[in-house]
Structures are given as structure tokens and as C-alpha cells.
Amino acid sequence: MGAELAKKANKSVARNNLVASKIIQFMAKMHIAPIPRNYELFYEVLSGHNPEMGRDILALGNAPQQHDLDEIGLKYNLPGHCGITAGKAASEISRTIDQISQRLSVALQRSTTLLGSSGLDAEHIGTQEELLQFATSLHEEQSSLLHFVTKGLETMKECEASIEKARHISLRDHLTMLPNRIAFSEKLSALFIDKKPQASCAMLLVNIDNFRQVIERYGPTAGNRASRRLAALFRKSIKKQDFVARTAGNEFAFLFSEVPLNSAENIAERLRRSVESLRFVNKTGQDDKLTVSIGVAVIDGLTSAAEFYANAEISLLAARSREGNCVVPYSRDVAKRSRNSYLLQIGA
């Protein structure tokens with residue numbers, strides 16, 4: 001038994017190393033800069049997560065420009081590339097504020113110079129013609145300043161809109177359009193303010209059983225279609241105050257408000273049966289099906305998001321270790337085994 005588990009673990013490590021090696025080789029062959037966001041791009045492609053993106057990259061030919069790669073990253077909502085847009089917009093806002101500040105300083109100096117050169121003071125009011133000339137000059141200066149500041153504010157609003165758009169994109173999974181892992185982490189952290197949970201809440205972590213074998217058997221396109229079907233099912237399974245996200249290629253996470261453990265188990269079991277009843281047409285034209293493993297935990301008595309997630313994760317690992325297609329709630333018995341022992345058993 002131990003030798004079999006070690007063999008599975010070694011296969012998993014070898015598979016990850018193979019993907020990393022392919023990324024390095026492919027990037028070198030295409031003369032692409034070895035920077036983090038490019039690794040993110042090619043991991044999506046070479047791991048089989050996004051064949052459509054792969055076709056877009058190949059269409060660029062050898063030695064593609066970084067700008068074109070970034071456009072593809074933005075098209076498919078990769079977080080690293082969305083961060084570039086937000087960073088550029090923030091830099092533009094900062095630059096615009098500096099320009100406005102400098103322009104205001106220059107305008108003040110010009111007004112001071114203009115007032116000094118006019119010869120007008122309390123004792124010498126000046127002729128009507130001198131007053132008119134001074135007023136005209138001052139009006140022109142103020143009009144120029146108003147135009148400059150208005151344009152600057154417009155630029156800042158555009159940049160703020162770009163930042164908000166980039167943030168929205170960075171929180172969405174590009175394949176299913178569900179919230180992604182980043183959005184889930186933010187939602188989870190928001191439950192704990194001053195280390196106290198805001199309200200009773202249940203977490204479900206869902207793993208698609210044997211999803212890698214499905215992709216190997218039917219191809220990544222079939223895997224993507226299945227993920228979209230499940231996402232649509234999960235989206236319809238929650239109420240307005242609840243939350244579901246796609247947190248990895250074969251994983252989803254739910255947060256349910258005001259739900260005790262027994263009710264969360266019932267919800268998880270309904271989800272499991274709903275997935276099991278779905279039918280997918282494979283490339284042979286025959287019906288096929290997927291199953292899921294689900295771990296359940298509740299927030300009661302916990303003081304941190306990390307602890308809440310760890311309880312749900314250990315429950316999910318316990319479900320996966322039972323050959324999947326089952327629901328396991330968090331309990332002392334489940335927690336007796338370590339996370340690493342579960343991972344070793346399932347060969348992850």
C-alpha cells in the first residue's frame with residue numbers, strides 16, 4: 001500500500017516537472033522573455049487548461065512581441081496581466097496629479113508676475129484700458145488653467161475606470177465567468193472582521209473526480225465544456241446571499257450564509273447527486289458522466305479564515321481518499337489524520 005502511494009506521489013511530481021520543463025523549452029524556442037506573467041500564460045496553455053489561448057499565441061508566429069502576449073493575457077483575464085493594466089493606470093493617475101500640481105504652481109507664478117507688471121495697487125488703480133487689459137490677461141490664464149485641470153481630471157477618471165475594469169476581470173475565472181480563487185479569498189477574509197466571524201456560514205469545497213483522466217481521454221476542449229456545464233449548474237444552485245467560485249481547474253468553492261452543518265451536508269449531497277445525473281456526450285458520441293467529492297465545514301467557533309478553509313480542505317481530502325463521489329463533513333475523526341497523509345493516499 002505504501003509503495004503504491006509513493007508511486008502515485010512520484011508520478012504527480014514528475015507530471016508537474018514535465019509541464020514546467022515544457023514551458024521553459026517552449027518559451028526559449030519562441031524567444032519569449034522569461035518573466036512571471038509569461039510563465040502564467042504558457043502554464044495555462046501547456047497544462048491543457050486553455051487550448052483556445054494556445055491557438056491565439058501560435059497565430060502570433062515566432063518571437064511574438066510582449067505587447068501582443070499581454071493582449072492575449074488580458075483577453076483571457078489572467079490575473080498577472082490584469083495587474084499590468086491596473087499598474088499602468090495607477091501610474092498614469094500619479095503622473096497626471098503631478099502635472100496638475102506643476103501647472104498650478106506655474107499659473108500662480110504667472111499671476112504674480114502679471115499683477116506685478118501691471119503697476120496696479122491700492123494707490124494706483126489705473127486707467128480703464130489698463131484694468132481691461134489686466135482682466136483679459138488674467139481671464140486667459142485662468143481659462144488655460146481650467147482647461148488643463150479639466151483634461152487632467154478626465155484622464156484620471158479614465159484611469160480609475162481602467163483600474164476598476166482590471167480588478168473586475170482579475171476576480172473572474174476566464175473559462176466559466178464565475179468568481180475565481182482571488183475573489184473567493186477576499187470573500188472568505190471578509191467573513192472575519194477583528195478576528196470574529198460576521199455570521200454563521202458553511203463552506204463546501206468541491207473537486208471533480210478523476211478530471212485529469214477525463215482530459216487525457218477526451219481532450220482539453222471536452223474538459224472545458226464539462227467545467228462550463230458544472231459552473232452553470234452551481235450558479236443556479238445558490239441563493240443571492242450565497243457565493244460560488246472556481247478556485248482551480250477542477251475545483252469549486254461555495255459559501256452559504258446562515259447554514260448549520262446538517263443543512264450544509266444536505267446541500268452538498270444534493271449537489272453531488274445533481275452532478276452525477278448530468279450526462280456529457282464524449283468524442284465517441286456516447287453519454288458519459290462526472291462525479292464530485294465534497295468537503296463541508298462550518299464557521300462556528302472559528303476565529304480565522306485560514307482555520308475555516310483548513311477544516312473544509314481536510315474534509316475534501318478525506319472525501320477524495322474514499323475514492324470520490326461522496327460528501328464528508330468536518331469532524332474530529334476526519335481531523336485525526338494529517339493533510340499530508342491524505343495527499344499521499346490520493347497521490348496528489
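The following dialogue explains how to read several features of this predicted model.

Q: What kind of model is this, and how are its residues numbered?
A: The model is predicted: local features need pLDDT of at least 70, side-chain atom pairs count only at pLDDT 80 or more, and totals for chains, interfaces and linings use all residues. Residues are numbered from 1 along each chain as its sequence is written, and side-chain values use heavy atoms, with hydrogens and water left out.

Q: How many helices and strands does the protein chain have?
A: Helices (H or I, at least four residues) and strands (E, at least two) are DSSP runs, numbered from the N terminus. The protein chain has 13 helices and nine strands.

Q: What percentage of the residues count as buried?
A: Buried means under 20% relative accessible area, exposed over 50%, and partly exposed in between (1.4 Å probe, protein chains only). In this protein chain of 348 residues, 40% count as buried.

Q: Which residues of helix 7 are buried, and why do they line one face of the helix?
A: An α-helix has 3.6 residues a turn, so residues three or four places apart point the same way. In helix 7 (residues 181–190), the buried residues are Ala183, Phe184 and Leu188. Seen down the helix axis, they fall within an arc of 135° (taken from the directions from the axis to the C-beta atoms), so they line one face. They pack against strand 1 (192–193), strand 3 (201–208), strand 4 (243–248), strand 5 (251–257) and helix 11 (305–321).

Q: Is serine 227 buried or exposed, and which residues does it contact?
A: Serine 227 lies in helix 9 (residues 220–236) and counts as buried, because its relative accessibility is 0%. Contact means heavy atoms within 4.5 Å. Leaving aside neighbours within four places in sequence, serine 227 contacts Leu175, Thr176, Phe211, Arg246, Gly249 and Phe252.

Q: Why is strand 8 described as largely enclosed?
A: Seven of the seven residues of strand 8 (residues 292–298) are buried, so the rest of the structure largely encloses it. Val292, Ile294, Val296 and Val298 point one way, while Ser293, Gly295 and Ala297 point the other way.

Q: Which strands pair with strand 8, and in which sense, parallel or antiparallel?
A: Two strands pair if DSSP finds at least two bridges between them. Strand 3 pairs with strand 8 in the antiparallel sense over seven bridges, and leucine 205 stands opposite glycine 295. Strand 8 runs parallel to strand 9 (residues 327–329), joined by three bridges, with glycine 295 opposite valine 328.
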